[in-house]
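The following exercises concern a single protein structure. Please study the sequence and the model before reading each solution.

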Amino acid sequence: MNKLVTKNLFLIASITSIFLSACNLGDGIMERNEEPLASAYAKFQELNENYRSTDFEVKLICEAQGYPHPIRVFPSINKQWIIEADAEKNDETQGDYIFYKLNGAGNITDTLYLTYKGYWAELIDDFMVFTNYEEAYYTTWPLDGDTTKRYFKVLNADLNWSAVKVNQHIENAKANSKYWF
């Protein structure tokens, strides 16, 4: 290697090392404001399980360490909410999710742990939909807690339909179905 290439590689390695070191310092916050809050904010509380209010109650239902969105909340049927949270992160549970079904009072009525198998579930109204290259199915867990796999009927799996027939089926599905895949 000539001297110029060696010098450039050393420079790039040095800059990269400095940048990565700076990214890993402390808690990742570059600057903190240490000034006390104005008196108008003195009664403000952090929104967590210790929050006190006469209007509502805050309950800690689950905790997750995932990134970038460790906990997601979805409105569901029957005035329920579904919480999707990353499972505890370690090598064995990477990509796994746990779902909590909450009733209108905020009480957990059901839970479902899903192991990552190369795809994640999608919530669509009353259903949880699972698709990948090998299989496509749904369950009615959001509706009734049932986790029985119900497989989709695949049309034109052998790809023998004419373009006209394919387009007719697509137009019919769009016109007459709530969902089509």
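**Exercise 1.** Locate lysine 117 in this predicted model, and decide whether lysine 117 is buried or exposed.

*Solution.*
Step 1. Lysine 117 lies in the loop that links E4 with strand E5 (122-124).
Step 2. The relative accessible area of lysine 117 is 54%. The cut-off for an exposed residue is over 50%, so lysine 117 is exposed.
Step 3. Aspartate 96 is 21 residues away from lysine 117 in sequence, and the C-alpha to C-alpha separation of the two is 8.6 Å.

**Exercise 2.** Determine whether glutamate 84 is buried or exposed, and state which residues glutamate 84 touches.

*Solution.*
Step 1. Glutamate 84 belongs to strand E2 (residues 81-86).
Step 2. Its relative accessibility is 8%. Buried means under 20%, and therefore glutamate 84 counts as buried.
Step 3. Leaving aside residues up to four places away in sequence, glutamate 84 touches Pro70, Ile71, Arg72, Phe74, Tyr97, Ile98 and Phe99.

**Exercise 3.** Identify which residues form the largest nonpolar core, and which elements give two or more residues to this core.

*Solution.*
Step 1. The largest nonpolar core has eleven residues, among them Ile82, Phe99, Leu112, Met128 and Trp141.
Step 2. Strands E3 (97-102), E4 (108-114) and E6 (127-131) are the elements that each give two or more residues to this core.
Step 3. A second, separate core has seven residues, including Ala64, Ala85, Tyr100 and Leu102.
Step 4. Isoleucine 82 has contacts that include Phe99, Tyr100, Leu123 and Trp141, with residues up to four places away in sequence not counted.

Methods: Residues are numbered from 1 along each chain as its sequence is written. This is a predicted model: local features need pLDDT of at least 70, side-chain atom pairs count only at pLDDT 80 or more; totals for chains, interfaces and linings use all residues. Side-chain values use heavy atoms; hydrogens and water are left out. A nonpolar core is a set of buried Ala, Val, Leu, Ile, Met, Phe, Trp, Tyr and Cys residues joined through side-chain atoms within 4.5 Å. Buried means under 20% relative accessible area, exposed over 50%, partly exposed in between (1.4 Å probe, protein chains only). Helices (H or I, at least four residues) and strands (E, at least two) are DSSP runs, numbered from the N terminus. Contact means heavy atoms within 4.5 Å.
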